[in-house]
Amino acid sequence: MSQAVPPLLSVRPSRALVDEKFSVLVENLPPGCPVTIRSLYQSEDKDFWEAYGHYVSNHKGTVSVSEDISLGGTYTGKEAMGLLWSMRPIPGSRKGLRLRKKDTCAPMLVTISVYSGHGDVRDQAPLASALVERWHVAPGVQRIEITEKGVRGTLFLPPGPGPFPAMLDLWGGGGGLQEYRAALLACRGFASLALEYLKSNDTKPKGLDMKYFETAFEIIRSHPQVIPDRVGIIGLCFGTLMTLSLAAECPTIKPRCIVCISNIHSKSNENTIQEFPQEIPEKYNKIHMMEDVVVWRDMGLAVLEVGHPKVKVGNIDCPMLLINGTDDQNWPTVEVASDIIKTMREAGKESLVTRLDYPDAGHLIEPPFSPHFRAANFMLHGTKKKVMMLWGGKTKPHADAQEDSWKKILSFLQLHLYGAPSLKANL
C-alpha cells in the first residue's frame with residue numbers, strides 16, 4: 001500500500017467504561033481495499049487475547065466497524081463491539097482460559113490495528129494502530145477494602161456525596177473475590193459490596209454461616225453514604241442460591257430487590273447451605289463428559305426431579321429479576337426459573353417476578369462486551385482438582401444476552417432502588 005497519505009485509524013472514545021460502546025474508523029485507504037481490523041489484549045495473567053474482522057473499504061477509502069459488515073474473522077456482520085466480545089486466546093495459548101479483570105483500578109489496554117489483506121496478519125506490521133483504555137471505575141468512584149467483623153470484601157461508592165442505594169454482589173462457586181461487576185454498578189449510581197464468601201484455596205468446605213452474610217448486609221446498609229432501606233442483592237450461579245436464601249430465609253435481611261443470573265435453588269439439605277458434596281449421591285450422579293469437558297446440567301435436572309430440598313422462595317416479598325440462557329450446560333437454570341415462578345404463583349406473588357430467558361446464551365452471563373467462554377477451567381471448591389467445565393452458549397447470542405441483560409438489570413435497579421428521579425446519583 002503505497003499511497004502518499006498513510007491510513008489513519010481512530011477509536012472514539014479512546015477511554016471509556018467497559019460497558020460503553022466505541023466506534024472504530026479507518027480512513028485514507030484505497031477504495032475497495034481488503035483489510036483486517038484486529039484487537040489485541042494482554043491479560044494480567046500474561047495471556048494474549050485477540051479478535052478480528054475482515055472488511056473492504058468503501059468508495060471513499062474508509063471502513064467503519066460500527067457501520068460496515070465484517071466478511072469473516074472472529075465475528076461477521078455489522079458488529080460495533082465485535083472486537084471485544086469475540087475475543088479469544090491467540091493460537092498456542094493455554095487451554096481453558098477465562099478473561100476476568102483482577103485490578104479494577106487499572107484499565108484494560110486494548111490495541112486496535114488495521115492490516116492489509118484478509119489472511120493471517122499476526123506477523124505483519126500494522127498499517128495503523130490505536131490504544132484504547134477500558135475502565136471498570138469512573139472518575140470519583142471510591143474503592144474501599146472491607147475487613148471489619150470478619151467480613152472479606154470490597155465496597156465501591158459512586159461519585160458524589162450520596163446517600164445512594166446499594167447492592168450486595170455475590171459471585172459463584174469458584175470462590176475468591178471478584179470486583180468488576182460491583183465496580184461497574186458503582187459507576188451507574190449504586191454503592192456495591194463485592195463479597196468473598198468462598199475462598200478459592202479452601203480445601204475444607206463447610207456449611208456457610210448465614211451470620212456472615214447478615215454482617216455483610218448490615219455493613220453496607222449502615223454505611224453513611226447508603227440509603228438503608230434501599231439495598232438489593234445480585235448473584236450469579238451459586239451466588240443465586242445465596243441470594244434466594246438470604247431473601248427467603250434470613251429474617252434480619254430484607255432486600256429491596258434481588259437479581260439472580262443463572263439460577264440455582266437446591267440446597268444440600270434443609271438446614272445448611274453449601275456447595276454440592278464431593279461424593280455425589282448415586283441418584284444425582286448424572287455428571288457426564290461432552291466435548292471433552294464436564295457437564296453438570298443433567299445432575300441439576302436429577303436434583304429437580306427427585307424433590308431435593310429447595311430454598312423456600314415463596315417467602316420472598318421483594319421484586320426479583322431472573323436471568324438465564326437457554327443453552328446453559330452447567331445447570332438447568334431455565335427449568336429452575338420455571339420452578340421458582342410456579343412456587344411464587346402458588347404463594348400469590350408471581351407479580352414480583354421478572355423473567356428473562358436468552359436463546360442460545362450460556363451460563364456465564366457477565367457485563368456487556370465480555371468475551372464468551374463456552375468452556376473454561378474450573379477449580380472444584382473444597383478440592384485442588386481442576387476440571388474443564390462446559391458453560392454453554394453460542395458466541396453471538398451470548399454477547400447479545402450480556403448486552404441486553406445489563407441494560408435490563410440497570411433499569412430494574414433504577415426502578416426498585418431509586419424509584420424516583422430525585423434520588424438519582426450525580427455521575
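In this predicted model, one aromatic cluster is formed by Tyr197, Tyr212, Phe213 and Phe238. Aromatic pairs number nine in total. One of them joins Trp49 and Phe373, with ring centres 5.9 Å apart. Trp49 belongs to strand E5 (residues 48-56). Phe373 sits in the loop between strand E19 (353-358) and strand E20 (375-379). The contact thus ties together parts that are 324 residues apart in sequence. Both partners fall under the 20% limit for burial. Trp49 is buried at 2% relative accessibility, and Phe373 is buried at 6%.

A further pair is made by Trp171 and Tyr180. Their ring centres lie 5.0 Å apart. The planes meet at 45°, so this pair is tilted. Trp171 and Tyr180 are both buried. Trp171 also has arginine side chains over its ring. Arg100 lies over the face of Trp171, 5.0 Å from the ring centre. Arg181 likewise lies over the face of Trp171, at 4.0 Å from the ring centre.

Ile69 is located in the loop between strand E6 (63-64) and helix H1 (82-85). The relative accessible area of Ile69 is 52%. Ile69 therefore counts as exposed, for which the cut-off is over 50%.

Notes:
Residues are numbered from 1 along each chain as its sequence is written. This is a predicted model: local features need pLDDT of at least 70, side-chain atom pairs count only at pLDDT 80 or more; totals for chains, interfaces and linings use all residues. Side-chain values use heavy atoms; hydrogens and water are left out. Helices (H or I, at least four residues) and strands (E, at least two) are DSSP runs, numbered from the N terminus. Buried means under 20% relative accessible area, exposed over 50%, partly exposed in between (1.4 Å probe, protein chains only). Rings of Phe, Tyr and Trp (its six-membered ring) pair if their centres lie within 6.5 Å; planes under 30 degrees apart count as stacked, over 60 as edge-to-face and the rest as tilted. A charge sits over a ring if NZ of Lys or CZ of Arg is within 6 Å of the ring centre and within 35 degrees of the ring normal.
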